[in-house]
Amino acid sequence: RGVRAENEQLKRQLGELQVQFQQERARAERTRQLERLLGFQQELQVESVAAGVLGAGASPAFRTVTIDRGLGEGIGANMAVIAPTGVVGRVVTPTNHASKVQLLIDRNAAVGGLVERSRAQGVVLGVGEELLRMDYVAATADVKPGDTIVTSGIDGIYPRGFVIGRIEGVDPGNG
């Protein structure tokens, strides 16, 4: 007779433990992310502030995210936002405790880039989708699929040498 009550109690305990387990997994993942950021921050040769993403912009026309750092932490407009994997974008609207970041994939975003292998230069443009486009590359430039594109530093926003992406295809049609 007491088996049914004990079963219900065990089910409740199991449910509570599953919730606790999910919370611990989320904390562990957040800790791993912070460790990667801290390691990346220590490797940088420029002054930096670690930040987390609070949310993404709702408009597909403007590709933005909001980060949890702002004027109070020394963040200003036109500061570069860089992740361990490469360039993310730039700060466009800092407030006291948060900032809006224009992602590099935004159709109004651009960055000076160069092919790491051949040093060919161009301008990397956001097109509003997941891929970027590199324009104004000399028609005679040595550019191949698989080449890594890095920041040139010429735009005054992004420091030189940070990864933007890799070439997926080359269309020599209009340079």
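Biologist: Where is the place of Pro94?
Modeller: In this predicted model, Pro94 belongs to strand β4.

Biologist: Which residues does Pro94 touch, leaving aside those up to four places away in sequence?
Modeller: Pro94 is in contact with Leu71, Ile75, Gly76, Ala77 and Ser99. For one of these, Ile75, the C-alpha atom is separated from that of Pro94 by 6.7 Å, although the two residues are 19 residues apart along the chain.

Biologist: And β4 itself, how does it pair with β3?
Modeller: Strand β4, residues 86-94, pairs with β3 in the antiparallel sense over four bridges. Within this pair, Val81 stands opposite Gly89 of β4.

Biologist: What is the strand order in the open sheet?
Modeller: The five strands are arranged as β1-β2-β5-β4-β3, with antiparallel pairing. The edge strands are β1 (53-56) and β3 (80-83), each of which pairs on one side only.

Biologist: By how many degrees are neighbouring strands turned against each other on average?
Modeller: The average is 35° for this sheet, with direction ignored.

Biologist: Changing topic, which residues of the largest nonpolar core touch the most other members?
Modeller: That core has 15 residues, and those with the most contacts to other members are Val87, Leu104, Val111, Val124, Ile149 and Ile164. Apart from this core lies another, of eight residues, including Ile75, Val81, Leu103 and Ile105.

Biologist: What does Val124 touch, not counting residues up to four places away in sequence?
Modeller: Val124 contacts Ala109, Ala110, Val111, Gly113, Leu132, Arg133, Met134, Ile149 and Ile164.

Biologist: What tends to happen to nonpolar side chains in soluble globular proteins?
Modeller: In such proteins, nonpolar side chains tend to be buried together.

How values were computed. Residues are numbered from 1 along each chain as its sequence is written. This is a predicted model: local features need pLDDT of at least 70, side-chain atom pairs count only at pLDDT 80 or more; totals for chains, interfaces and linings use all residues. Side-chain values use heavy atoms; hydrogens and water are left out. A nonpolar core is a set of buried Ala, Val, Leu, Ile, Met, Phe, Trp, Tyr and Cys residues joined through side-chain atoms within 4.5 Å. Buried means under 20% relative accessible area, exposed over 50%, partly exposed in between (1.4 Å probe, protein chains only). Contact means heavy atoms within 4.5 Å. Two strands pair if DSSP finds at least two bridges between them. Helices (H or I, at least four residues) and strands (E, at least two) are DSSP runs, numbered from the N terminus. Axes are lines fitted to C-alpha atoms, for helices over the stretch in contact, and angles run from 0 to 180 degrees between N-to-C directions.
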